[in-house]
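Subject: Structure handover

Hello,

Here is the structure I promised to pass on. Please open it and keep it beside this email as you read.

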Amino acid sequence: MPDAIPLLICDDSGMARKQLMRAMPRGWPFRITQADNGQAGLEAIRAGLGEIVLLDLTMPELDGFEVLRRMREERLQAQVIVISGDVQEEAIRRALELGARSFIRKPADAGQLEQALLALGVHAPTIDPSLPAAELDLPSVGFRDAFREVANIAMGRAAELLARVLGVFIKLPVPNVNILEVAELHMALADAQGNRQVSAICQGYIGSGIAGEALLIFHDSQISDVARLLKHQSGNSSPLELQLDLAAIVIGACLNGICEQLDLQLSSGHPMVLGQHCTIEELIRVNRNRWKRTLAVEISYALEDHDIKFDLLLLFTEASVQVLQRKTALLIN
């Protein structure tokens, strides 16, 4: 047998690491190490634990772009395959420019991963099919981690569409996934938006035993800037019409991404104005009966080189959680 090749999987999601380990070609000579953030991943590479690195882009501590930059600065010898939900053309270009050998979209396809490894010069061993598969130290994955990874992939697909429409690069966060009472939702929104006045667009969705609302929240001070970007695509539409258009793009792409991964069928209503030029306090007070207890997915989109940031919240009813748990369990197991 050939010597084991140190391979590092660097991704903050236990779900993503588990999916990658399952997608690895069977019987290949790898000694796998896991890192759950970019800083830990960089330290593992320095320690010689990543001759080959499977690297996510959207992570806490250090994102994948910064890991690649520091590897270049320190002349660390590792071959990197980026595997990310951020599928913007500019994200792919930047990753390859920083030294990544190839880019695979999440969730990683086993065939694409094998081809990417072969391109690095890793030779497939001859395997006796009668032998059992090697035991892998798969991470334990709970519902929140799994659903956060589903949201991460959906968020990336929405950003790719948004980047094309606006002609800008979208900076992506790690999504937050929590089950919140209305008071906690209030605190989360207030923390995201501060005391500034906001406008909110709402779009309901239902199907497959799931119901909820998506909420896109803009700072009033940024609406005119968003409208200017969108007017290149939308002619003489009013700022409100442009906000509704933007909401339809972002919410639709996110929901479609979730549906594809979890095999769901959701029908969406038309985007509607939930509040204009109001504070978070007023927004919550008017709608608190609708959001008594909710599974909340919070995503903040920021536009590079523009002082523009808006928040997307996907609010699933409490009754939807059991269905989502069953669907994500199929991915986990």
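Below is what was found in it, from the whole chain down to single residues.

**The chain as a whole**

Please keep in mind that this is a predicted model. The chain has 333 residues, and buried residues make up 53% of them. It has eleven helices and 13 strands.

**The five-stranded sheet**

Start with the open sheet of five strands. What is the order of its strands? The order is S2-S1-S3-S4-S5, and the pairing is parallel. Strand S2 (30-35) and S5 stand at the edges. Each has a single partner strand, so one side of each is left without a neighbour in the sheet. From one strand to the next, the twist averages 20 degrees. Helix H4 packs on this sheet and touches strand S4 (79-84) and S5. The direction of H4 makes about 145 degrees with that of S5.

Strands of a sheet pair through backbone hydrogen bonds, and the pairing is either parallel or antiparallel.

Next, look at strand S3 (residues 52-55). S3 pairs with S1 in the parallel sense, over four bridges. Cysteine 10 stands opposite leucine 55 in S3. Leucine 8 stands opposite valine 53 in S3. S3 also pairs with S4, again in the parallel sense and over four bridges. There, valine 53 stands opposite valine 80 in S4.

Are the residues on the two faces of S3 buried or exposed? Ile52 and Leu54 lie on one side, Val53 and Leu55 on the other, and all are buried. Both faces of S3 are covered.

**Salt bridges**

How many salt bridges does the structure hold? There are 13.

Lysine 106 and aspartate 11 meet through their side chains, with N to O at 2.7 Å. This pair links distant parts of the chain, 95 residues apart. Lysine 106 is in the loop between strand S5 (102-105) and helix H5 (110-119). Aspartate 11 is in the loop between strand S1 (5-10) and helix H1 (14-23). Lysine 106 and aspartate 11 are both buried.

Glutamate 66 and arginine 70 form another salt bridge, at 3.1 Å from N to O. Both lie in helix H3 (residues 64-74). They are four residues apart, about one turn of the helix. Why does glutamate 66 count as partly exposed? Its relative accessibility is 23%, and partly exposed covers the range between under 20% (buried) and over 50% (exposed). Arginine 70 is partly exposed too, because its relative accessibility is 28%.

Arginine 94 forms a salt bridge with glutamate 90, and their closest N and O atoms are 2.7 Å apart. Arginine 94 and glutamate 90 are four residues apart in helix H4 (residues 89-97), so about one helical turn separates them. Glutamate 90 counts as partly exposed because its relative accessibility is 25%. This pair belongs to a network of salt bridges that links Glu90, Arg93, Arg94, Glu97 and Glu304.

**Two single residues**

Threonine 294 is in strand S12 (residues 293-303). Its relative accessibility is 4%, so threonine 294 counts as buried. A polar atom of its side chain lies 2.9 Å from the backbone oxygen of phenylalanine 316. Which residues does threonine 294 contact, leaving aside neighbours within four places in sequence? They are Asn178, Ile179, Leu180, Leu185, Leu315 and Phe316.

Leucine 240 lies in helix H9 (residues 239-262). Leucine 240 counts as partly exposed because its relative accessibility is 28%. Not counting residues up to four places away in sequence, leucine 240 touches Ile201, Val273 and Gln276. Leucine 240 and serine 199 are 41 residues apart in sequence, and their C-alpha atoms are 9.6 Å apart in space.

Best wishes

Terms used:
Residues numbered from 1 in each chain as written. Predicted model: local features only at pLDDT ≥ 70, side-chain atom pairs only at ≥ 80, totals over all residues. Heavy atoms only, no water. Salt bridge = Lys/Arg side-chain N within 4 Å of Asp/Glu carboxyl O. Buried < 20%, exposed > 50% of the residue type's maximum accessible area, 1.4 Å probe, protein only. Polar contact = N/O pair within 3.5 Å; in protein donor to acceptor, adjacent residues only side chain to side chain. Contact = heavy atoms within 4.5 Å. Pairing = 2+ DSSP bridges. Axes fitted to C-alpha atoms, helices over the stretch in contact; angles between N-to-C directions.
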